[in-house]
Amino acid sequence: MGSMLISKSGLYFKYGNILSHPRTVGCSQLRILLSVFEDSKLHSAHLFSTKRVSRPLGYQNKKEDRQKDFIIRESPSFPKSVFAAGTAKKTAEILRRKSGLQEAEESDPRQPRVRVELPDRPLTASEWRKLQEASGNHERFPIQTMTSLFAQRAEIDVAKSLLAFVATETGTLPYKMLLRYLTLCVAAGHHGEVFDLYDIMTGRFGSLDTGAYSLFIRGFSHTERWRKALDILEDMKRVITPSSRNYGCVIAGAVQHGDVGMAWALYDDLIEKGLVPNQEIWQSLFQSGMSWPGPEQEERLQGVLMYMRDNQVYPQQSLAQTIEAWFQSIPEMSWKGSWTTVEPKGVCRSCKEELESIHLTQEEYSQLRERVMREVIRGQDVFNKTTPEELESFKTFVKRKPAFDVVIDGLNVANTTRGSQSETLLAVVSELEQQGQVILVLGRKHMLNPSRSWDRHHMAQVQLKAHCFFTDNISEDDPFLLYATLHSGNHCNFVSRDLMRDHKACLSDDVTRRLFFKWQRGHQLVLSGYNLGRRVRFRVRGLERIPSYDTIIQTSGRSWHVPYDDDGAERCSYEVPQRWLCLRKTH
């Protein structure tokens with residue numbers, strides 16, 4: 001205990017000028033200040049190591065123990081894909097999680113929030129001490145304040161003076177606080193601070209968590225030391241699979257510093273690992289095509305466009321603009337770009353070229369039907385979702401019925417609104433019946449048990465207006481829905497919000513998966529914003545009727561048509577962009 005007091009006292013006299021004159025804090029002073037506590041460090045972050053740091057006898061600081069496992073979570077990057085399964089669900093979950101965390105903070109008296117005004121200049125130790133006392137929460141004050149400084153993009157000198165205050169008060173700087181400070185430095189582009197923090201944190205803590213390594217990759221990648229980001233990425237790959245964002249930062253650094261070969265090698269590695277590139281990665285690669293043109297670059301970048309086509313990914317407008325600029329920069333070629341829309345009959349309003357049809361040819365449909373029947377309906381895992389007896393019973397049922405025009409996932413549709421489930425289902429069935437459709441409703445047996453959600457009269461009306469098949473409550477509807485729709489013929493549509501990604505994944509080759517995706521886009525109807533008592537309206541991929549053309553990147557050789565999203569645009573997962581980039585050769 002005495003040695004710790006001496007250490008703190010020595011620190012104050014030797015480095016007291018940092019707090020006496022807080023505006024003078026610099027990189028080298030911060031490095032010295034942090035290194036003074038090398039002997040007094042009490043915890044470390046171990047994601048890649050399971051070793052625990054030994055504690056002094058009687059040590060009971062459980063809060064700092066918890067801090068050692070702190071990980072900054074990266075914001076997930078989801079592709080703007082029409083049928084990227086779970087996009088809407090994941091977004092809703094993230095929003096609910098944020099809301100839940102906020103409610104927990106507001107309702108939990110053990111974690112009061114800091115409600116003091118943040119300074120706009122570096123403070124002395126006594127000034128920070130007064131703020132801490134005013135906050136009413138001495139333990140959480142440093143972390144919460146550093147987090148707030150980052151959120152408000154405060155001047156870095158203010159954050160440095162907070163670090164100096166905490167160091168002199170406690171004799172150490174928690175890993176969690178350094179991580180918050182690192183986040184601030186990376187976001188504000190304080191590269192010198194990032195370099196110093198890397199040396200300090202790796203020296204003090206040995207192994208860091210993924211959040212810290214991701215921040216360092218981002219911090220190093222746009223500097224002259226960008227290859228350090230590559231080294232960190234390679235170290236991460238030995239233990240975990242880095243994120244697309246990690247790869248994207250290093251790819252951007254490689255392009256910025258002229259190592260295009262390394263950028264493409266990293267891109268190939270990312271694809272091989274099954275990761276989905278984000279928009280920033282493609283932005284960097286197309287920019288590299290303008291800076292270092294050539295036939296190989298042209299071939300690779302057209303391959304990127306085909307990847308986006310095959311995976312139904314849409315560029316945002318800023319990326320589409322870079323794509324246009326790249327086409328126009330290709331030597332000895334004359335490409336002209338225009339921003340346009342497509343007529344309902346599938347003709348580009350700019351070049352008057354007819355776009356690809358959404359409908360499968362009879363040969364394509366027969367191929368798809370045969371493969372889905374064999375690999376999805378009769379696949380090995382289908383009986384995890386039903387039983388052989390139930391499936392055979394359903395097949396017999398379908399064969400005895402006329403070909404259906406539309407198949408409804410009853411439970412999925414009924415759960416669209418917050419009102420009566422049976423009333424919603426009845427409204428949908430009634431609308432389709434008035435259109436003269438031959439309808440099949442797939443449901444679960446519990447839907448026939450009268451309850452507040454399932455009115456007996458409503459369900460009786462449903463069974464009068466449509467053919468119905470009710471599976472066991474533990475069964476899944478999807479295999480039955482796919483079987484009935486494909487068995488009925490190429491004219492048959494289905495109504496469901498389920499994006500069928502698992503079933504698409506069961507198909508064994510890329511060609512069939514693309515056919516399934518195309519068939520799905522032209523045949524899946526989604527209930528559009530229905531309110532009880534109003535007319536039912538359907539959307540097909542965001543449109544009021546089935547389009548005649550496919551909303552997908554496409555080329556005829558002399559032209560490219562690229563559907564794109566507005567930057568920051570939000571749309572439901574079943575919707576598609578309405579704006580297009582038209583690129584065509586002028587001679």
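Select Leu285 first: in this predicted model, Leu285 belongs to helix 14. With a relative accessible area of 1%, Leu285 falls under the 20% limit and is therefore buried. Display the residues around Leu285 next. Apart from neighbours within four places in sequence, Leu285 is in contact with Ile251, Ala263, Trp264, Tyr267 and Leu301.

Two of the elements to visit now are helix 12, residues 244-256, and helix 13, residues 260-272. Two packed helices are described by the angle between their axes and the distance between the axes. For helix 12 and helix 13, the axes come within 8 Å and cross at roughly 165 degrees. Angles over 145 degrees count as roughly antiparallel, and helix 12 and helix 13 are therefore roughly antiparallel to each other. Their crossing is left-handed.

On the helix 12 side, select Ser244, Tyr247, Val250, Ile251, Ala254 and Val255. On the helix 13 side, select Val260, Met262, Ala263, Leu266, Tyr267, Asp269 and Leu270. Sorted by class, the contact of helix 12 with helix 13 comprises 11 nonpolar residues, 1 polar and 1 charged. Ile251, Ala263 and Tyr267 take part in this meeting of helices, and these residues are also among the contacts of Leu285.

Is Asn278 buried or exposed? Asn278 counts as buried because its relative accessibility is 8%, and the limit for burial is under 20%. Show the side chain of Asn278 together with the backbone of the residues that follow. A polar atom of the Asn278 side chain lies 3.2 Å from the backbone nitrogen of Glu280. The Asn278 side chain also reaches the backbone nitrogen of Ile281, at 2.9 Å.

Finally, zoom out to the whole protein chain. Its secondary structure comes to 24 helices and 10 strands. Of its 587 residues, 50% count as buried, Leu285 and Asn278 among them. Considering contacts between residues at least 6 apart in sequence, 71% join residues at least 24 apart.

How values were computed: Residues numbered from 1 in each chain as written. Predicted model: local features only at pLDDT ≥ 70, side-chain atom pairs only at ≥ 80, totals over all residues. Heavy atoms only, no water. Axes fitted to C-alpha atoms, helices over the stretch in contact; angles between N-to-C directions. Helix = DSSP H or I, 4+ residues; strand = E, 2+ residues; numbered from the N terminus. Parallel < 35°, antiparallel > 145°, perpendicular 65-115°, else oblique. Left-handed = near helix turned anticlockwise from the far one by under 90°. Contact = heavy atoms within 4.5 Å. Nonpolar A, V, L, I, M, F, W, Y, C, P; charged D, E, K, R; others polar. Buried < 20%, exposed > 50% of the residue type's maximum accessible area, 1.4 Å probe, protein only. Polar contact = N/O pair within 3.5 Å; in protein donor to acceptor, adjacent residues only side chain to side chain.
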